[in-house]
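Please look over the sequence and the structure shown here, and keep both in view while reading the explanation below.

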Amino acid sequence: MSHFISSLSQPTERTKVGWWFAFRGPRLLVAQTAAGQLTIPAVLDLAEMGLAPLRSHCFGLLDGRACYAAELPEEAALPENYQFMGLRQLFGQLDEPLMRVAMRALPIVDWDRNHQFCGHCATPLEPAQDRAKVCPQCNLRAYPRISPAIIVLVQRGETILLAHSARHPQGFYSVLAGFAEPGETLEEAVVREIEEEVGLQVQNIRYFGSQPWPFPDSLMIGFVCEYAGGEIQLNDGEIAAADWYTAESARQLLTPPASVSIAGQLIESFLQG
Ligand SMILES: [Zn+2]
């Protein structure tokens, strides 16, 4: 079982190869191995590959090997046998431990890029002791942004609520989700989102699990709950269709089958009873 330890300390000299999570925009630099799997560069420094990142730093250790997050310039040339791929495309293609660390690396690179200057007084930010930057002028601190979003399976007897979001491709059904608002508990966010999107009341809200979803910076917090009242009404235009589905009808509706996402896991847990 692979183990990742988050760390802020930078190796004083690079004597061992590290894993380099190098992004151009939101896309990760990956290479095809001889075995046809995808992997990322394991080198002392990206300079060996002719790459000069705009910014890079060590953000932790995977099984003792340093992990670097790096931002490549838009014009970065592609080393031979390498390509840039979005993280979502990499599910199932990149080793699970590397995939999980890549999901940590992307928001760190984003934060590093987007927090060069103080948002209050525009002074260049400096590194802080923890995973933050600090303004030497006004002390404002800038942390990597994590946006909590609830995702919820609503059960009614032997059926579950599945909805088609207007933003998703035709025929794609899933559970409801939405961002928590400032000052709101996650349970309040569950109640509000379901009320806003489909006009239903729910009860018995229970925690299911969570998943970082760095597209760009969500933390999905999964819940299950029970229907308590109301009729489905599509109020705010976000949801194009919603209805109750038995396990059998849900299986017919949901193609491709449940994915690696927590939405998929929530639905799978219902389908498996
Ligand atoms: Zn400032």
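The paragraphs that follow go through the nonpolar cores, the helices, the strand pairings and some individual loop residues.

The model is a predicted one, in which local features are reported at pLDDT of at least 70 and side-chain atom pairs count only at pLDDT 80 or more, while totals for chains, interfaces and linings use all residues. Residue numbers start from 1 along each chain as its sequence is written. Helices (H or I, at least four residues) and strands (E, at least two) are DSSP runs numbered from the N terminus.

In soluble globular proteins, nonpolar side chains tend to be buried together. A nonpolar core is here a set of buried Ala, Val, Leu, Ile, Met, Phe, Trp, Tyr and Cys residues joined through C-beta atoms within 7 Å; a residue is buried if 20 or more other C-beta atoms lie within 10 Å of its own, exposed if 12 or fewer, and partly exposed in between, with C-beta atoms placed from the backbone. The largest such core has 31 residues, and those with the most contacts inside it are Ile150, Val152, Val154, Val175, Val190 and Ile194. Two or more residues each are given to this core by S12, S13, strand S14 (176-179), helix H3 (186-198), S16, strand S17 (239-246) and H5. Apart from this core lies another, of 27 residues, among them Trp20, Leu29, Phe59 and Leu98.

Leaving aside its neighbours within four places in sequence, isoleucine 194 is in contact with Val152, Val154, Leu176, Leu200 and Val202. Isoleucine 194 is also one of the buried residues of H3, which are Ala189, Val190, Val191, Glu193, Ile194, Glu197 and Val198, and what covers these buried residues includes S12, S13, S14, S15, S16 and S17. H3 itself has 13 residues and reaches 18 Å from its first C-alpha to its last, close to the 18 Å expected at 1.5 Å a residue, where the expected span is 1.5 Å times one less than the number of residues. Glycine 199, with a positive phi near 70°, follows H3.

Helix H5 (residues 262-271) has Ile262, Ala263, Leu266 and Ile267 as its buried residues. These residues cover an arc of only 140° around the axis, which puts them on the same side of H5; the arc is that of the directions from the helix axis to the C-beta atoms. The buried residues of H5 pack against S12, strand S15 (201-213), strand S16 (218-229) and helix H4 (247-253). H5 is followed by glycine 273, where phi is again positive, near 75°.

Turning to the strands, two of them are said to pair if DSSP finds at least two bridges between them. S12 and S13 pair in the antiparallel sense over 2 bridges, and glutamine 155 stands opposite isoleucine 160 in S13. These two strands form a hairpin with 2 residues between them, and glycine 157 in the turn has a positive phi of about 60°. Glutamate 158 is placed in the loop between strand S12 (147-156) and strand S13 (159-165), and it counts as exposed because it has 12 C-beta neighbours inside 10 Å. Although glutamate 158 and tyrosine 245 are 87 residues apart in sequence, their C-alpha atoms are 8.3 Å apart in space. S13 also pairs with S17, in the antiparallel sense over 7 bridges, and threonine 159 stands opposite threonine 246 in S17.

An open sheet of 3 strands has the order S9-S10-S11, with antiparallel pairing, and its edge strands are strand S9 (126-127) and S11, each of which pairs on one side only. S9 is joined to S10 by 2 bridges, and proline 127 stands opposite lysine 133 in S10.

Some loop residues deserve a separate look. Asparagine 139, in the loop between strand S10 (133-134) and strand S11 (141-142), has a positive phi of about 70° although it is not a glycine, and it counts as exposed because 9 C-beta neighbours lie inside 10 Å. Asparagine 81, in the loop between strand S7 (65-71) and strand S8 (82-86), likewise has a positive phi, near 70°, and it counts as exposed with 9 C-beta neighbours inside 10 Å. Finally, a cis peptide bond with omega of about 10° joins phenylalanine 215 and proline 216, and proline 216 lies in the loop between S15 and S16.

How values were computed. Contact = placed C-beta atoms within 7 Å.
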